[in-house]
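Have the structure open while you read.

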Amino acid sequence: MMSYFTRVEDYKTYENSPTGDLHYSYNANSGGGQAFLGGKYRDDSGELQSLPPLNNKIAVFGLDLEDTNGNTLFINLGTSDKEKYPISPRGEGSTSMKLGMKGEKNRPSLLLATALMLPTTCVINSAATLDESPLTRRNYWLRSMWLDCRIRGNDEVAFIPKDFIFEGGRRKEGSTVQGDSIFYKLDYRRRIADILHADELKQRLPQDAADTIGYFANVYRGETQFNYDEAATKVAGMMKALAFSCADRYSGISDPLPTIMRLVSTPTSDVPMPSVCKPQPNEPYNLIYFGAPGTGKSYKMNKLSTPVVRREPHSARHFSP
């Protein structure tokens, strides 16, 4: 099965980077976890900067994509107050920062997974079950991102992920955490490219899948503003619809994109139309004819024993599933 995830040994992909090691890390320090920022980033002049100047700014996440003319297109994912996070120090005198999650904030883990058309993530160390793949709905979380930083005016800063590391395999039971961490790196650029490709062939998809693919393709092209609630509803609806229409190919809880790509990659001539010929009667192999001499018994037997060549009607065609 096609997968956009590659297993990696560690989530700290940003370490020892000469271009800046600014990163987001999802830590289980309290409640549902906290979103921490660490490292240094390069400013517009190319100089490495520490994080304290970001204090009191509002953070949003976004994607840098390339349009058809080769220009960089910024896809803003912070389109409501629920996806805008105040930045503050992790503690008094700390040079590391954290993202404020108070109120009805959508966790970055939820936000980024939804923006990439992935199944819903869970709270850190809270996999729904350890008996299924970590890369299934509510069974994994976004552990870290290596980030670029872009100052947007006096009050806002945009974080643009350069990679996405997801984690799974751990579940908290009371005060005990069971299981072992497993890390996966997402090939998000290939994923976005495939969603855009699927949009060109979405007539081969069930209607719910076609609508969802069209929505995300329009977001990635900058033609539709991203809306978290709308996107999350579309992904959940598509996964449910595919689970029924493609029950032999899709589980309903895993990444839906591999199934989407198989559907749009099926040539229109691959599945033959069922024959429209009428069924032939099953005649016995041996016949016994009774009759008086001269009544045509030999003539009828010779006619029945002549092979019949059956031809497909000219109206037979092939169709796409």
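The aromatic pairs come to nine, counting rings of Phe, Tyr and Trp (its six-membered ring) with centres within 6.5 Å; planes under 30 degrees apart are stacked, over 60 edge-to-face and the rest tilted. Two of them look like this:

| Pair | Centre distance | Plane angle | Type |
|---|---|---|---|
| Phe61 and Phe159 | 6.0 Å | 50° | tilted |
| Tyr215 and Phe216 | 5.3 Å | 90° | edge-to-face |

This is a predicted model, where local features need pLDDT of at least 70 and side-chain atom pairs count only at pLDDT 80 or more, while totals for chains, interfaces and linings use all residues. Numbering runs from 1 along each chain as its sequence is written, and side-chain values use heavy atoms, with hydrogens and water left out.

Ring pairs also tie Tyr24, Phe61, Tyr85 and Phe159 into a cluster. Buried here means under 20% relative accessible area, exposed over 50%, and partly exposed in between (1.4 Å probe, protein chains only). Phe61 is buried at 0%, and Phe159 is buried at 0% too. Tyr215 is buried at 7%, as is Phe216 at 0%.

Now for the core, meaning buried Ala, Val, Leu, Ile, Met, Phe, Trp, Tyr and Cys residues joined through side-chain atoms within 4.5 Å. The largest one holds 70 residues, and Phe61, Leu99, Phe159 and Phe164 have the most contacts inside it. A second, separate core has five residues, among them Tyr11 and Trp146.
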